[in-house]
Structure formats: C-alpha cells, structure tokens
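Hi,

Here is the structure for you to look over. My notes follow below.

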Amino acid sequence: MNCSRSSPQNPDGAEAGALDLLAQLAAQDSFETMVQEALRQRALFSDENGRARDPREMLAGIAAFLGIAADLDADAVKVAFRAGLAALPGVSTLIEALQAGSATRQNLAANLRTLLAGQDDGDPVAFCRRGFITEAGTINANIRGKGKSEFEGALLATLEALAACLLTAADAINAIAIRDRSAALALLVTRMLASYQRQKSLRSLLDYDDLIARTRSLLERVEAAWVLYKLDAGIDHILLDEAQDTGEAQWAILRKLAEEFTGGGDLRAKPRTIFVVGDEKQSIYGFQGAAPAAFGEERRALGRRIAQAELAFEAISLNTSFRSAPDIMQAVDAVFALPEHARGLVFDGAARPEMHDTVRRSAPGTVDIWPLAANDTGEPPDAWTTPVDAPERRSGTVKLAERIAHTLQRWHRDRRDDRGNPFAAGDVMILLRQRGALFEAIVKALKDAGVPVTGRDRLTLAEHPAVEDLVVLGRALLLPDDDLTLATALKTPLIDLDDDDLLRLAPGRKGSLRAALQEAAASEPRYAAAEARLADWAHEAGRCGPFRFFAGLLGPGGGRNLALARLGAEAGDALDAFLNAALDHERRYGPSLAGFLQHVTGSAADVKRDLSASAGEVRVMTVHGSKGLEAKIVILADLGIEPGAKRLPKILAVPAQRAGLVPIWPPASAEDTQATAAAKAKVVAQMVEEHHRLLYVAMTRAEDRLIVCGAQAKGEAPNGSWYAMIAEGLAQSAAGLDAIGEGEDATLRFSVTPPAPAEAGETRPAERPPSAPEWLARPVEREAEPVPPLKPSNALSAADGEERPGDGPFLAEAAAAGRLAHLLLQLLPDLPAERRAATADVLAQARGGALPAERRARIVAQALALLDEPGLAALFTGEALAEVPVAGAIRLPDGARRAVSGRIDRLAVTADSVVIADFKTTARPPAEAEAIPVGTLAQLAAYAALMREIYPGRAIRALVVYTANLAHFELAAEQLDAALLALAGGTPGASLGLPDGSLP
C-alpha cells in the first residue's frame, strides 16, 4: 500500500486508494464499526503529543510485525513459489509416487504437473493447496498415507518440504493482505485525526486527551524545566487513587511530577509524600487502556528511587474488608485459590491472591448457587392445534428472570428473606456482564411482579419510550395530516387515548384522522380535551423554541408526571437528558423544532444513570457500572462465559520494532499468519484475565449474601464461566457446599458462620395506608423574600468608602503603605521572632518600592512593635488565622435574625476568648477610639456578634488596626452594642457590600 502524501481531493491519491480497498473488504456496517473502533482507539493512531502519526512509519511497523517487506506484493510471492516448486529436489519422483497411489494422491500429482507446466489459474499457492493442506495447516492424511501406504524416507522429506514451501508462501500472501488493509485503515484514520486537530486549533479548543498529551509534553520537554520547578515549589503531596486503572500517559505525568521528591537537595523542613492506592485485582477497564501489571512495576520502580534517596518507602497491603461478611470473603478466597482462576489477579509471581480478612467477623452471610435455568425441551408446539391454555415453552432467560422476580416479590411482601433477615428492595443489586436480553427480561419481570426496580443503568436517549412519545408528538404537531404519527401521539400518556378510541375514530373516516378527532370532539368531552391540547401545543410550538416548548409541556403542562406514572422513575432521567439536548441544540443551531427532532432521533447518545443510591429499589446494572458500589444482597445473574476469539476487538494493538504499537486489522482465523495468531492468543489471554478480575469485583460487591445463577440453553455451565468457577472453587473449599431444597428451588449453599438467631415473638402489625396530613389540603402560605446577607466589610455604606477633605493627595501613598503593613502583619507572625526583623526589611524593599525609605523603615518598626504588644500576643501567634472567611446568622437588637458573610483579617481563638482584628488603610487615621467612623464600628460589631453565636460563653475582643501608622484601638462593648442598634434601625435590605476584607 502506498502511503505517500497526496491531495485528499485527488481521486487517484493514496486516500482514495485506501478507501476503495476498505470498501471492497468490508460491508457498510462493518466498515462503519471499524472506523468507530479506530477513533475510539485514537491513541494508537496518535503520538505522545496527541498529533496524528505518520502513516508511512505505521506501514513500516505493520510490515515489520508481520515479518514482510513494506513493498512486497502478492505477485512476487507467487512467482517465487512457482520457482521454488520447480527447483524443489525430488519433486518429479514425488509426483510419480503420488500418481501410483489413491485418487487423492493422483489429484495432487495432476495439480503439481499443471503448476510446473504453468497452466494453473494464476494463483499457484491456492491451486497447490487444494486437497493437499487442511484448514489446520497440516498435510492431508490421505496424501501422507497411513500404515503401509505412508510415505517414508526421501519421499516424505520432499512432501514435507513442499508443504513448508507452500505454507510459507500462503503465510506471506495473508500477511500482505493484512498489511494492506491495516495500512489503509491507518492512513484514513490519521487523516481524520489530523483534520480533527486542525478544526480544534481553528477554534482554540482542547479535548480530554489533548490535556493529557499536552501536560505530558510540557513536563518532558527540556525547555519546560522551569514548569517543573514552579510545580515542585508548590507540590508537597501527591495522591493517586484507583491506580490500577491508570494508563501509561498518566503514569508518565506522575513520574515527572514525582522526580524531585526523590532528587534530594530540598532544604525545606516540610515532609513530602507520594500516596498511591490501587488494587490490581479490580482493574476492569482494559478497553480504556488500563494496564494492571503497570501498577506493580511502578510501585517497584518508585521504591527503588526512594531507597536510593535514603527515604522511607512502605508497601502496605490492605486485605481487610469493611464491607463483606466472612462468608463472602472466604468464598472469594476459595474461588481464586485455584491457580487457573488466579490468572490476572496476581502479578508478582504468587500462585494465588493473598487471603482476605474482615472486620465483620461475626456477621452471618451466605453464598447460594441456584441451578442453571435451561430452555424447555420438546418439539415446538403447533400454533394451529395447540390449546390456547397450554403452558408456553419458555427460554432459560425468561425462567431465570421469573425466579429472581418471584423470590424478591416474596421477600418484599414478607419484609424478610428466607433466612429471616430483614429485607428491603433497596438491599438488592443484580449484576450482569453486559446489557442484553437477560437484562431486559429481569427488569420486566421485576416490574410485572410489583418489585420496586430502578430500571436500566444506561439509556439510549432516542430509544427510550418517554423520548419517543415526545418526538412523535412533535412530529404530529408539525405534520397534522400524518395519520399514523397522530395515531401514535394520541396513545401517549400526554393524551392517553387507547385502541378503542382509535377504532372509533379511524375506520370509516372521510378525511384525515385529525378531522375525525375534531368532528368527534363536538359530542365527546374526552376528544374535545385532546383536540384542545393539540391546538394549544401547536400554537406554543409555533412561537417557542424546542426547549421552551418541551419544558412547558413537561413542567407546568404536567407531562413529566404523566410519563413517570406510566413508565417509571427511569423516565425522569431520559426526560432530563432530552431537555438538555433541546437546550444545547437551540444554542448551537437556533430554535427549530423540526431540526431538533431530526437531530435527537439520529443521535446515539446514551444517558448514564446514577444508581449509587438505591432509593429503596432493586438495582440492575453491569459489573463495570457497580464498581465502587455495594449491596447487602448481590445476585450475580450472568453465566459469565469465558471470552474467546469471537470477542476479540476489531483492531489489535501490536508491538513493532522501532515503531511502538501499530494497529492490525485482524483476519479470520483461516487467514491468520503466525504473527497474527500469536497476537490474537495474547489478547484472548488478557481478556480471560480481565474476565477473572470482573468476577472478583462482582463477588466483592456483596455485604451479606451472594446469589449465583445463570441461564443456558441445555443447563450446562461451560468451563471457565463465572458460574463454573464459583461452583468449582466452593466445592473444593474446606466448608464445601450444602444442598438445600429440591426441584426448581434447589440450592447449593456455602456458609461458614451460623445464621442470625430469629427474633422470637416478633409480630408485624398489618400496615394501614397512611392518612393524608391536615396541612396537605391547606394553601401554601407565601414566604417573605429573605433579605440579602450582611457583609460587614460594607456595613452602613462602607467604613473606608468616604474620602474626607485633605485625603486626596495622600491616598496613593496611604494605599501603598497599607498594603505593605497588611503584608507584614499577615506573614511575620508565622516566623520565629529572631527572623522577623530581617524578613521585614527584605519584604519592605521588595514590596514597598513606591514608598520613601524613611516611610518603609517606620512601617517596619511599627509592625514589629505591634507584634510585640503584650495585649495583642494571642492575635499574632502561630495558631492565629489570617484572612478567615466567616458566615452565619446573628440576632439584632430588634429580634430579627440576619445572615452575615465576610472575611476577618486576623482571628485568634483561645480557650476563654476570641480576638478579631480588622485592618484599615485610611490615609488619616483617627487619633482616639471615639473618632472611629460609624461604618467601621458596624463592621466589627457584626463580626463580634457572629463570633458570639459561633463561640458562646467566650469573651469577644474586637480591634481595628490602621495600616497608615499601625495605630490600633480595642472597641468597648458599649460601642459595639450601639453599632448593632444602628444596623437594626437601618434599611432591612441593606447589605455590607465592600469586597471581603478591609482593604478598599
């Protein structure tokens, strides 16, 4: 495949050739799936900086992986094979021997003569293989012979040499085909990514992958050393959670950030830590690039670097569960004690994972294994002759869903499970490998049985019934003469007509269905109401955008409640996502109802529901979705068949010499080369390992009880399935499995703790429906609008807001002096007394350059004197706080309560007192406390009142410090009370509104 650069518009260019090749090899659906998979794995087609890779380098890497030259073509291989066949020693003797044998040997002899004469069909490799080599790649047994007819000696050596030559040529031709389609895919995808990057650059946008790539690039570039220095100056602790799911790019960023932690030479006294939390056994996101083995490798590498730096390193094993009962944890240990089950859970060479412990050592629990649900046997019934009341043949999927539903229905009704433990529907989580027929059957069966259930954990927006109802209604409003669309809209919960209504309206109508509805509305109130709603909605849709229309329909119009009543709680999430999509579409493309309906129906957007809180309902979800969640009872309802070649990804990432990872479009097994067969086997092994880790995650979600079940057509558990792994592991455990029940209710139970004693004598009174409270029928009283919170730094129109005559010429210098004084009083208290003077001089020179040297020296001296003031010692200790945000409510003298929010410049809290101080930058500070402005008094009065609420019983001291000359005054209680009284008498809505803090 030629991957040289060419114009994308050139019909004879490389891109056109690649597209033509892929169009010949793949049907429309498989081609689209392949491209989507490639874009999902776009990191494979991008370099470390997020830019599209060079397709020529990828072509070279693909060829190197396959063991062929980048420019080798199939014709050259065929010519070489024909020449090799002619030069093969002993081939003539072999042909004569074949001719003297069976019909199969004679056919091969004829084919060889035809090949040597050059009279084949043009493909000597395929022509020679017919009847000679099996699909497994071995010589046909009828050609090799059996017993006395088996070739021996030189004839056998020649036959095997011929087979080897043929297989080598066939392998090379297969490799060429794989190389060409993989390179074509790489070329098209890299061109797409390059175009995508250009579009992002034009709009100055970055996506999530860009953020990772740019961060990594920034940290790894030599010229970015200053960035590392800046970051290092501000990073003391690194915490990485869920490290088992971290990819290589994220590990590279972490390594660069942590380099200086072990580099030595840090003169600071603060300790620096790296805290990494992870569990390889729970790495289940391989499709997102997670590499569980990397966790252990990074841990060992970090340990070596820390040891070389002579620092402390500790690898702590956390094997104690705070969630599960001993029965659950011992069942997990028993299942993964078998070496074949432990593959993928240990990466340090151990034979099995370490044993678990639990803090709930006396909590009773069980693991139950239900028999597999099999399909009903027998011949399919004849629909014409079978009685209508004959039992229906059921699939194992339906039977399993019904058993789960009936079991939970009984427990829900009795409020206890079969072991006498209290039960609530919210205690149950049902886990499956993936969403499918069993998923839907379980949700349906639970709803039919009246068991509260959350529904699906992930919804496809366009396929949800609630969204379909809104879409069909919108189309009916746009096209009122479309009878089928209108009929569908009439049956939605929004209008709620039924089939009987349609049979009355539709047959025999003379015009459109809408005209028939309007005619019937004259005599039937229900139809009149439906027609009125349609007319109102059509008017609203014509004058509003889609978001406003549907928001009004669902909110004030009551449509949301109608949908929830018919479709359940999960409809709420779908409706929320629908409204969000309407708002987003309106912002992007303008208010067009037709355009939005077309957009939403063509969208494949999914809605992921948050089921972390059960809300009293059974949760049905995938194992991936349950990560981090827990439930008292977990039902593992998926058979969990071990993955094989059928579940291979559409694109394989394989290593190539000097090219990193390259993409391979894997062929069918019959067209595999040795390299692709080995790559497939490696990926399948990785999938099996993650299959084991998924089971570990599923089992450890259970707190008290795990129920294992599944459905299989013949009722047989395949080897390697979750069901078989659990049954085998528990059967071989010391506790073993006990058989209880019989027939369809038969169960194998694993239990190591005695059940909880039954609560004797407890009777549950019959519950009566709660009566409606009296207040429910009373009109809601109108609440007074809350007044804005007081902001003390702006009390009574601001303490420093008014300029006094004569201040003007001094304001700039006063502000500079205030900033310097404020800085000194903020930073110096945290330093030892012996270092304050020197530090103050340095700060004054660095931050007080706008002030005369004499003024700077005076401010430094005044600040140091203020810090040494005995009466202010508590305010400037290391325990005191600077720039403290506070919020709360105070009671004014008139009895009213007001919210307060602000920021205190300096706060000291001791066992018996609270000291607050506020810094002011007034150019001309007052000479005595009686001259302090009323606004300043009000500000400190509000702070003092709030401190009394927060620290009742402690003495409150309030000080104001003027930074122009560092004069300070402690306000008397009488002054604060008078200021509060002034606040109570002011306008109720007035707010204390300068920016938080006292510097204007």
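First a term: buried means under 20% relative accessible area, exposed over 50%, and partly exposed in between (1.4 Å probe, protein chains only). This is a predicted model, where local features need pLDDT of at least 70, side-chain atom pairs count only at pLDDT 80 or more, and totals for chains, interfaces and linings use all residues. Residues are numbered from 1 along each chain as its sequence is written, and side-chain values use heavy atoms, with hydrogens and water left out.

**N140**

N140 counts as buried because its relative accessibility is 18%. It sits in the loop between α7 (124-129) and α8 (141-144). Helices here are DSSP runs (H or I, at least four residues), numbered from the N terminus. A polar atom of the N140 side chain lies 2.9 Å from the backbone nitrogen of N142. Beyond its neighbours within four places in sequence, N140 is in contact (heavy atoms within 4.5 Å) with T104, G131, F132 and T134.

**Cavities**

The whole structure holds three cavities of 30 Å³ or more. A cavity is a set of points on a 1 Å grid over the protein atoms alone where a 1.4 Å probe fits but cannot get out; lining residues have an atom within 4 Å of a point. Points are joined across faces, edges and corners, and volume is the space filled by probe spheres set on them.

The largest cavity has about 60 Å³ of space. Its lining includes A466, D469, P493 and L575. α18 (465-478) and α24 (559-567) each give two or more residues to that lining. α18 gives the most, with three.

Best wishes

Conventions. On a 1 Å grid over the protein atoms alone, a cavity is a set of points where a 1.4 Å probe fits but cannot get out, and a pocket is an open set with protein on both sides within 12 Å along at least five of seven lines; lining residues have an atom within 4 Å of a point. A polar contact is a pair of N or O atoms within 3.5 Å; within protein, one must be able to donate a hydrogen and the other to accept it, and residues adjacent in sequence count only if both atoms are side-chain atoms.
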